[in-house]
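Here are my notes on the two-chain model. Please read them with the structure open.

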Amino acid sequence: MSDLVKNIIRLVLFILVQVYVLDKIPHLHRFIVPYLYYLFILWLPFSIPRLGLLALGFLCGLLLDYFKMTPGLHTAACVLVAYARPFIINLLTAKETTEFNYHEPSPRGMGWGPYMVYAFILTLLHHSYLTGLEWLQFGTFLNLLIKILATTAISMLLIFTVELLFPRRMKYRTNTA
Amino acid sequence: MRNVFLFIQRYFVFLVFLILQGIALWMLFSYNRFHQAAFLGIASEVTGTINTRVDKVDDYFHLSEENRRLHRMNDSLLNTLQSNFVKTDTSAKLVTDSTRFDTVAAIRRYLSRDAKVVYNSVNRENNYLQLNRGAVGGIRDNMAVINSAGEAVGVVVNVSPNFSQVMSLLHVKSRVTAAIKKTGDYGTLEWDARDPRLLTLKGIPRNVEVKQGDTVITSVYSYNFPPGFMVGTVAAIQTEKASGFYLLKVRTAVNFNSIQQVFVVENLQRNEQLKLEQDTEQKIEQKK
């Protein structure tokens, strides 16, 4: 399957799962909102130019926003995640070993440790910005902090589960092929 | 000049990032203020169709509860039938006059239309519902929404041709006038974004006698909601220390997790009421 088709299917699936499964889960607690859809941005291939990444982040957020009737909220957070992604990848991986051997960020390619750190930083960034924007209109600072932490914890749990359930088989790229 | 171009070239990605952020934030804040956003009309047509399809499946999981609500509503209507009442005075003959050309003819104030909820959320600070009836079906902004058991749900804030969006009572900006049924004292119903089962009723003075379990209904002073519809029951009684008003926690009658069929109620005299209010204000201003 080509990259384009694969990622389009992924985007649709992530949005649908977010809107019709994760948002339909009976209310657990006011601090806990399960988010997973932005994993789409985390899973994009290494080779995408930074401008393309920004555009895809914008698109992904906007799609979700129109479903959730909060135009701009998730868009802003997604654009931030898409902008920060290359920096985090540069920090966490040695260019020669992973980026050329593997196609996209994954626990198998980067190792569980660096991958989880990568996911954690971007998750925290996404949730801080999102919750910050939401609570600009409403709420106190302590609530904001608790909500960011709780939501991040839930999201990390979800990402971990997804990575275990759906390991992406990727070819190890070599010069010989 | 060359430096400017060099600068743009060097920070092009960052500039694009800032522009996209700007667009997103502009959409967000303009939506929060006016409940209207770019392309939301077209977008809600698309999301509405998908929502309708998903909702068809989702319906089956709430059928029994919905059935029970409907049955109860039917029961309450059945009890109002004229044939239930016996005239003790046998010499009197009951005639129901159906002509409307009487000087004391009733004027219709509220008109309700049925609709189906296709999208609904409870787990955010700003919760909205989406209905499968829009401007083509006669829905306009500010109409009240009640569920199939006649319990207040929210107010329409935005319409597209075939769908409409409702600000649920579970929205931090929702303000609905509600009253204690027993005494008739009214206050403002708000939500503090904590528990989707509890609303807050503010503005009831301390001298009113309120007990736990008292019924809260929509007030006669509301421009949107028809009076007398159930909102919930008083769950806890607190007092605001500063103002000397009660801070009543109201347990909602509606289970916001399982709303399916709703009625959209239009106040046909709303515009007249608003105009009168504005005119009055103007008149008072001029006199000063």
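1. Start with a strand pair. In strand 10 of chain B, Met230(B) is the bridge partner of Ile217(B). Strands here are DSSP runs of E with at least two residues, and helices are runs of H or I with at least four, numbered from the N terminus. Two strands pair if DSSP finds at least two bridges between them.

2. A word on conventions. The model is predicted: local features need pLDDT of at least 70, side-chain atom pairs count only at pLDDT 80 or more, and totals for chains, interfaces and linings use all residues. Residues are numbered from 1 along each chain as its sequence is written, with chains lettered from A and ligands numbered from 1 in the order in which they are written.

3. Strand 10 of chain B also pairs with strand 11 (residues 245-252) of chain B, antiparallel, through seven bridges. Gln238(B) stands opposite Leu247(B) of strand 11. The two strands form a hairpin with five residues between them. Check Gly244(B) in the turn: its phi is positive, about 75°.

4. Arg206(B) sits in the loop between strand 8 (198-205) and strand 9 of chain B. Is Arg206(B) buried or exposed? Arg206(B) is exposed, because 12 other C-beta atoms lie within 10 Å. The cut-offs are 20 or more such atoms for buried, 12 or fewer for exposed, and partly exposed in between, with C-beta atoms placed from the backbone. Leaving out residues up to four places away in sequence, Arg206(B) touches Thr239(B), Gly244(B), Phe245(B) and Tyr246(B). Contact means C-beta atoms, placed from the backbone, within 7 Å. From Ile50(B), Arg206(B) is 156 residues apart in sequence and 49 Å apart in space, C-alpha to C-alpha.

5. Chain B has a barrel. Six strands close in the order 1-2-5-4-3-12, with antiparallel pairing. The twist averages 45° from one strand to the next. Strand 4 (residues 152-159) and strand 5 (residues 164-171) of chain B pair over five bridges, in the antiparallel sense. Asn158(B) stands opposite Gln165(B) in strand 5.

6. Look next at helix 3 of chain B. Its buried residues are Leu40(B), Ser44(B), Thr47(B), Gly48(B) and Asn51(B). Their cover includes helix 3 (50-68) of chain A, plus strand 1 (110-120), strand 2, strand 4 and strand 5 of chain B.

7. The chain contact takes 30 residues from chain B and 25 residues from chain A. On the chain B side, helix 2 (12-34), helix 3 (40-59) and strand 2 (126-131) each supply at least two residues. Helix 2 of chain B gives the most, with 11 residues. By class, that side has 18 nonpolar, eight polar and four charged residues. Ala, Val, Leu, Ile, Met, Phe, Trp, Tyr, Cys and Pro count as nonpolar; Asp, Glu, Lys and Arg as charged; the others, Gly among them, as polar.

8. In chain A, the axes of helix 7 (residues 112-136) and helix 8 (residues 141-165) come within 9 Å and cross at roughly 140°. Helix 7 of chain A is therefore oblique to helix 8 of chain A. Contact residues include Ala119(A) and Trp135(A) of helix 7, and Leu144(A) and Ile159(A) of helix 8. They divide into eight nonpolar, eight polar and one charged across the whole contact. Axes are lines fitted to C-alpha atoms, for helices over the stretch in contact, and angles run from 0 to 180 degrees between N-to-C directions. Under 35 degrees is roughly parallel, over 145 roughly antiparallel, 65 to 115 roughly perpendicular and the rest oblique.

Methods. Contact = placed C-beta atoms within 7 Å.
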